[in-house]
Amino acid sequence: MHASFVPVIGLEVHVQLSTASKLFCRCSTAFGAPANTQVCPVCLGLPGALPVLNRRALEFALRLGLAMGAEIDTHCRFDRKHYFYPDLPKGYQITQYERPLCRGGSLEFEMDGTVRAVRLRRAHLEEDAGRSVHAEAYVGQDETLVDLNRCGVPLVEVVTEPDLHSPQEAVSFVAELRRVVRALGICDGQMERGSLRCDANVSVRGVHEPADEVHTELKNLNSLRSLQHALAAEVKRQIDLRQQGEQVAHETLAWDSVQHQLVALREKESAHDYRYFPEPDLPPVRISKRWLGRLRRELPELPLARKRRLQRLYALPGVRAQMLVDEPGLADYFEEVAGLVGSPGLVCNWVTGEVVRIAGELGVSVAEFPVAASVLAQLLMRVKEGLLSDYEARQLLRNSLSTGRPLGQVLAEQRPPATPQEVAKAIAEVLTEHEELLARFRQGKEELLHFFLGQALKRLGGKAPPRQVMAQLREMLAGPEPRAASGDSEGSA
Amino acid sequence: MTREGDYSRLRHLLLRRELSCHEVVSSCLRRIEQSPLHAFVSVAPELALRRARTQDAAIARGKVGALTGLVLGVKDNIHVRGWKTTCASRHLRDYVAPFHASVVSRLLRHGAIILGKTNMDEFAMGSSGESSFFGPTRNPHCLERVPGGSSSGSAAAVAAHEVIAALGSDTGGSVRQPASFCGLVGLRPTYGRVSRYGLVAFASSLDQIGPLTRSVADCALLLRVIAGHDPRDATTRRVPVPDFCQELDRGIQGVRLGRPREYFQPPLDAEVGCAVDRTLAQLEAQGAVVQEMSLPLTRYAVAAYYVTCTAEASSNLARFDGMRLGERIQCHDLDGTYVASRSHGFGQEVRRRLLLGCFVLSAGYYQAYYQKAQQVRALLAQDFARAFQTVDCIVTPTAPTTAFRLEERTQDPLTMYLSDVYTVPASLCGLPAISVPCGKDGKGLPIGLQVIGRPFAESMVLRVARAVENAVGQQ
């Protein structure tokens with residue numbers, strides 16, 4: 001990046017809420033249904049149909065607002081935004097213009113090991129439009145098909161202040177926002193499905209200049225990679241222009257992720273007048289203090305705070321802590337198991353390794369992971385105590401999953417750990433059986449100690465932790481000889 | 001002596017089985033067939049006759065609903081599933097409603113028989129019925145005159161006994177003004193009293209569905225059936241629905257009636273004013289207390305109304321763009337297709353209002369027009385609230401004149417808009433208001449008296465209307 005110019009970037013992120021039904025009707029929001037099957041008079045905008053607000057969507061938006069510390073407008077309302085387009089059946093979008101649900105607030109994110117913050121300008125609820133399909137195999141030339149399944153799906157549009165100063169920062173922010181919405185359980189964060197879509201406003205300014213009024217708008221940044229590349233390309237383009245002494249013109253550009261370049265959109269948009277006015281079909285929203293209070297109390301710890309706490313409390317490496325907070329539910333699972341087992345390092349390796357791997361193989365989320373934390377804790381307890389090797393534990397877990405026999409039951413059926421008496425008996429038997437070797441041991445061939453240990457463990461059949469057996473073995477070897485046959489013992493090692 | 005509702009009299013005959021629903025429907029159909037009024041856009045004779053037979057069978061089994069055998073016309077901007085809803089527009093002339101309006105479901109559940117869809121001003125924009133794509137409706141009291149609008153067909157049909165009652169929609173007076181012109185009772189309920197689900201929106205913050213009937217009793221009965229909270233319409237209110245019929249005859253002893261002087265000034269026709277004042281005197285004789293009063297902001301109401309309703313209309317009608325809805329006129333590009341389809345599909349009055357509406361909402365003008373209109377609206381509501389601290393109802397003429405001649409005002413939209421001058425204030429403030437006949441002018445044309453009440457005080461409004469009805473019966 002050129003040293004004498006600073007990029008100034010603000011983002012508008014559309015967060016698609018994962019409610020079961022749409023914002024103003026009861027149609028399903030499920031992704032991937034056949035075109036135009038999840039529609040009704042309301043989301044089709046048929047004459048005579050009226051919108052009714054989905055309280056759940058409002059609740060999801062409130063969670064996000066509260067998590068970001070925004071000021072909630074308890075009397076917010078909806079507005080209509082007008083434009084003509086075939087995938088907008090009513091000729092207007094129901095959104096929030098003058099009285100957005102959330103104003104202000106901020107979101108912290110980490111980049112290069114330091115914590116930064118972006119101020120938020122506003123966040124509001126709105127309905128999505130349908131999808132115009134131009135370039136698919138089944139669409140004829142000069143033909144556009146419209147799928148209205150997405151029409152009316154709830155979105156929260158989060159608008160940041162222009163606080164981001166590099167493409168990398170923008171990417172880190174969006175990645176953090178994605179973690180937050182997933183942790184809040186309000187959005188699945190699947191960017192490839194359009195669950196999180198970014199537009200960016202970009203300008204560059206000289207290091208000591210005030211921010212430039214003129215910015216360009218980048219649309220269609222629908223993956224972190226697109227965001228990174230498009231911003232980098234646009235920042236470079238603007239710096240090049242400025243260095244040649246030219247002005248940057250206001251324009252709207254879209255990122256073509258196939259051609260890997262920015263494409264200018266038709267500039268008719270500048271003439272747009274959306275003719276906003278308050279939506280008369282929806283009375284102003286009333287949000288009670290009590291409801292807000294409850295939602296605030298129910299907020300989970302946010303991913304970044306949690307990551308830092310996990311690092312501090314369990315002495316986990318940053319990468320591992322990040323893995324734990326990246327997957328919703330994983331850190332909860334980890335903390336529950338770690339609380340029972342101790343040994344956070346061991347538990348973390350298991351949870352971020354085997355548990356994630358198996359969940360992936362089964363195609364389930366961590367919340368749906370078939371082994372309860374308390375059961376996994378029993379397993380890992382045995383690993384910790386040395387009753388099972390890592391390998392054996394993994395075998396047990398996988399066997400239980402493949403046979404369908406609950407792991408808890410499998411573990412319960414294993415014989416209980418050997419008592420010290422049983423261990424002593426086993427050791428005594430081994431020593432008796434190998435009198436000759438014992439004699440050689442006593443003559444100084446100390447490596448035989450491990451032979452005895454191995455034999456004893458074998459005899460105990462894994463029922464006793466090696467450490468305990470070793471301790472008892474040493475003790476017994478140090479004690480008076482069982483048979484007191486010779487007096488030349490050196491005593492304990 | 002109080003006047004029994006037309007339907008209640010008919011109901012007795014039906015229940016005593018001296019008359020059958022089938023006969024009632026048949027006689028209505030005969031009238032429609034011979035009618036010169038053009039009150040209907042579509043009639044469904046077979047369906048209505050079949051339903052009449054079902055009702056007759058139900059009566060025979062002793063199963064009787066509140067509206068059994070009530071033959072009804074429904075304004076053609078209210079959905080009846082499987083029937084066309086044209087809004088009297090070229091754009092929707094083939095549009096078939098995929099669902100019932102909530103009011104229609106309720107009426108059918110109580111045994112009403114819908115006979116057909118009534119003519120109207122295109123998209124309810126008009127005060128004379130003349131903007132219908134299908135041609136104007138005539139006033140049964142004088143065929144050279146308009147029946148009023150926009151619920152022109154509903155009013156004409158009821159007045160000519162082509163149906164027993166009809167549903168209209170009232171945005172700025174579209175039930176009350178035609179009721180006045182046709183000598184009927186027409187009620188605009190409190191905003192939020194009756195569900196708008198299934199009513200094709202003209203101006204969402206103003207539209208209310210209301211009954212047009214030949215008697216106050218029938219009006220009360222219909223209101224009782226259609227009123228109430230509807231989960232499909234977020235603007236309906238959870239306010240208890242009283243039995244309006246029970247309270248009709250409580251009399252008006254001690255009821256304070258306000259006579260706002262702004263409503264008795266030009267452009268008021270002298271004969272209309274006299275008729276209203278004469279009736280007020282009779283109400284006083286029945287025990288009411290009439291008070292002179294002032295609603296000083298009245299003169300801003302028409303302007304505020306037309307800004308508001310055109311703005312909302314420009315939004316509500318955006319969906320008729322030739323893509324999924326309305327007739328498409330294909331052009332070389334998308335914008336061209338929009339322009340051509342919308343220019344082709346909408347009539348002149350609708351186009352005029354849509355352009356006005358887009359203008360008052362556009363950037364740079366929003367504050368000066370739309371927002372200003374909403375401020376006027378809020379002040380007007382305060383005006384009324386203040387007035388209702390000292391009076392129970394406000395009594396005014398419904399319209400400045402009686403029915404005017406066809407084509408008399410079509411070239412002069414401003415004069416046309418001024419025929420709404422007395423009805424729009426209640427609309428803007430969401431207040432219940434009724435028009436009830438209070439005599440005739442020298443030409444024999446009906447004169448309407450308007451009673452405006454407090455929000456959700458339809459009971460009181462109906463009681464006063466009933467008193468007017470009784471008084472006029474003695475004239």
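Two strands are taken to pair if DSSP finds at least two bridges between them. Helices (H or I, at least four residues) and strands (E, at least two) are DSSP runs, numbered from the N terminus. The model is predicted: local features need pLDDT of at least 70, side-chain atom pairs count only at pLDDT 80 or more, and totals for chains, interfaces and linings use all residues. Residues are numbered from 1 along each chain as its sequence is written, while chains are lettered from A and ligands numbered from 1 in the order in which they are written.

**The sheet of chain B**

In chain B, 11 strands make up an open sheet with mixed pairing, in the order β1-β3-β2-β4-β6-β5-β10-β11-β9-β7-β8. Its edges are β1 (40-43) and β8 (289-293) of chain B; each has a single partner strand, so one side of each is left without a neighbour in the sheet. On average, neighbouring strands of this sheet are turned by 30 degrees against each other, direction ignored; axes are lines fitted to C-alpha atoms, for helices over the stretch in contact, and angles run from 0 to 180 degrees between N-to-C directions.

Strand β7 (residues 256-260) of chain B runs parallel to β8(B), and five bridges join them. β7(B) also pairs with strand β9 (residues 393-397) of chain B, in the parallel sense and over two bridges. Residues that stand opposite each other in these pairings are listed below.

| Residue | Opposite residue | Strand of the opposite residue |
|---|---|---|
| R256(B) | V289(B) | β8(B) |
| P260(B) | M293(B) | β8(B) |
| G258(B) | I394(B) | β9(B) |

Helix α2 (residues 21-34) of chain B lies across β1, β2 (71-75) and β3 (113-118) of chain B, and runs at about 15 degrees to β3(B). Helix α5 (residues 152-159) of chain B packs on the sheet and touches β1, β2, β3, β4 (165-170) and β6 (208-213) of chain B; its direction makes about 155 degrees with that of β4(B).

**Chain A**

The secondary structure of chain A comprises 15 helices and 15 strands. Its radius of gyration, taken over C-alpha atoms, is 32 Å. The C-alpha trace of chain A spans about 105 × 55 × 50 Å along its principal axes.

Chain A has an open sheet of three strands in the order β4-β3-β15, with antiparallel pairing. The edge strands are β4 (92-95) and β15 (277-278) of chain A, each pairing on one side only. Two bridges join β3 (residues 79-82) of chain A to β15(A), and R80(A) has F277(A) as its bridge partner there.

**Contact between the chains**

The contact takes 23 residues from chain A and 31 residues from chain B. S362(B) touches D273(A) and R275(A), not counting residues up to four places away in sequence. S362(B) is found in the loop between α12 (348-361) and α13 (367-387) of chain B. The C-alpha atoms of S362(B) and A234(B) are separated by 27 Å, the two residues being 128 residues apart along the chain.

Terms used. Two residues are in contact if their C-beta atoms, placed from the backbone, lie within 7 Å. The radius of gyration is taken over C-alpha atoms; the globule rule is 2.2 Å times the number of residues to the power 0.38.
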